[in-house]
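Biologist: I would like to go through some of the labels used for this model and see what each one rests on. Please set each value against its cut-off.

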Amino acid sequence: MLATTMRRAAQQGRRLMSDGLTAEGKIKSLPMVYIKGEEMTRYAAQLMLENWLEPHIDTSAWEFFDLSCAARDASNDQTLKDAVAAGAKIGAIFKEPTVTPSAEQVKEFGLSKPLPSPNGAMRRGWNGVTISRDTIHIDGVELGFKSPVLFERHAVGGEYGAGWKEVGKGRLITTYFPDKESFEDGEDAIIVDARILDNERNVAVVYHNPLDNVEALAHHFFSRTLKAGVTPYVVTKKTVFKWQEPFWAIHKKVFDENYKAKFLEKGLLENTGGELQHLISDAATMQIIRWTRGGFGMSAHNYDGDMLTDEVAQVHRSPGFITSNLVGVAADGSPVKFC
């Protein structure tokens, strides 16, 4: 059935793009970066390329990059750097799922060293703002959520880019220097945190959350939820993690100044008292299970978004039934979406 549908789509595409055909009658594709991944998905994607796409579409303008663990290890991650550079240049990317190897997989795959997640490098290299993950709905197929669920996960910051070191007893001081070119002590240096470590073994971790692109994330989130006709929620743990307050405050300001009246007009705030509602991340995990009617959207920090969208996928029966699109910003400021 799927193969028949793909053939019909290709035939329709030929009729619509008859002026864009090759001598062999294939549809000419625009340039695109195709990133190959790992394991079963890679095998399945190769079958689809060979049997469904390549017989009908000319992919000669595509640039292919192998981001399997073996290829990354052999190139000292040059293949990842090349893929990021090509994606930034072309602005159209398709990525298969990749693997960040565990300690056991490093041994199993025969890798020379542990490899970091490739996703962080991609998000930074493509000026990632958010990862949009939405439920997919198919007529006649009953899944977990009755109506669409939209999710925005901040694409940068948090634990994913953390620096860490295992240390012993002593003093730990985290210092901020306004001049990023120098780490010399000066009158402008600010101590962010200072503490005594009493344990014989400790892991010291440092990370930060960039805030400059949260406004763009908020606009993207509210415009999408408004268009989809769903109720928006902003998720943080700001009651305990006070440093998460700005994420909520930026969303609230953008909403009140630009979207609140439009949401009220469409009756999308009836369940939230006419206001944008904040959800503690703990509560969000419970509501996702309860709100199987769907019809809501959530925006969250990087790590919370990672965990909560996995939960959305499980409630909706499978990760294969939710989308995953990285939305970034091109050099001219226009949005770019990577699938």
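Predicted model: local features only at pLDDT ≥ 70, side-chain atom pairs only at ≥ 80, totals over all residues.

**Labels and their cut-offs**

Biologist: Why does D77 count as buried?

Modeller: D77 has a relative accessibility of 13%. Buried means under 20% relative accessible area, exposed means over 50%, and partly exposed lies in between, with a 1.4 Å probe and protein chains only. Residues are numbered from 1 along each chain as its sequence is written, and side-chain values use heavy atoms, without hydrogens and water.

Biologist: Where is D77 found, and what is its phi?

Modeller: D77 is in the loop between α3 (69-74) and α4 (78-90). Helices are DSSP runs of H or I with at least four residues, strands are runs of E with at least two, and both are numbered from the N terminus. The phi of D77 is near 70°, which is positive, and D77 is not a glycine. Most residues other than glycine have a negative phi.

Biologist: What makes α4 and α6 roughly parallel?

Modeller: Their axes come within 9 Å and cross at roughly 30°. Axes are lines fitted to C-alpha atoms, for helices over the stretch in contact, and angles run from 0 to 180 degrees between N-to-C directions. Angles under 35 degrees count as roughly parallel, over 145 as roughly antiparallel, 65 to 115 as roughly perpendicular, and the rest as oblique. Roughly 30° is under 35, so α4 and α6 are roughly parallel.

Biologist: At what angle do α10 and α11 pack?

Modeller: Helix α10 (residues 281-290) and helix α11 (residues 302-315) pack at about 15°, with axes 9 Å apart. That angle makes α10 roughly parallel to α11.

Biologist: How do you know that R133 and D310 meet in a salt bridge?

Modeller: A salt bridge is a side-chain nitrogen of Lys or Arg within 4 Å of a carboxyl oxygen of Asp or Glu. R133 and D310 have an N to O distance of 3.9 Å, so they meet that cut-off. R133 is in strand β6 and D310 in helix α11, 177 residues apart. R133 is buried at 15% relative accessibility, whereas D310 is partly exposed at 39%.

Biologist: How many salt bridges does the structure hold?

Modeller: It holds 16. Another of these joins R224 and D134 at 2.6 Å, N to O. R224 lies in helix α7 (residues 214-228) and D134 in strand β6, so this pair ties together parts 90 residues apart in sequence. Both R224 and D134 are buried.

Biologist: What does the pair E166 and R201 tie together?

Modeller: Their side chains meet in a salt bridge of 2.6 Å, N to O. E166 lies in strand β8 (residues 163-167) and R201 in the loop between β10 (190-197) and β11, so the bridge ties together parts 35 residues apart in sequence. E166 is partly exposed at 41%. R201 counts as exposed, because its 62% is over 50%.
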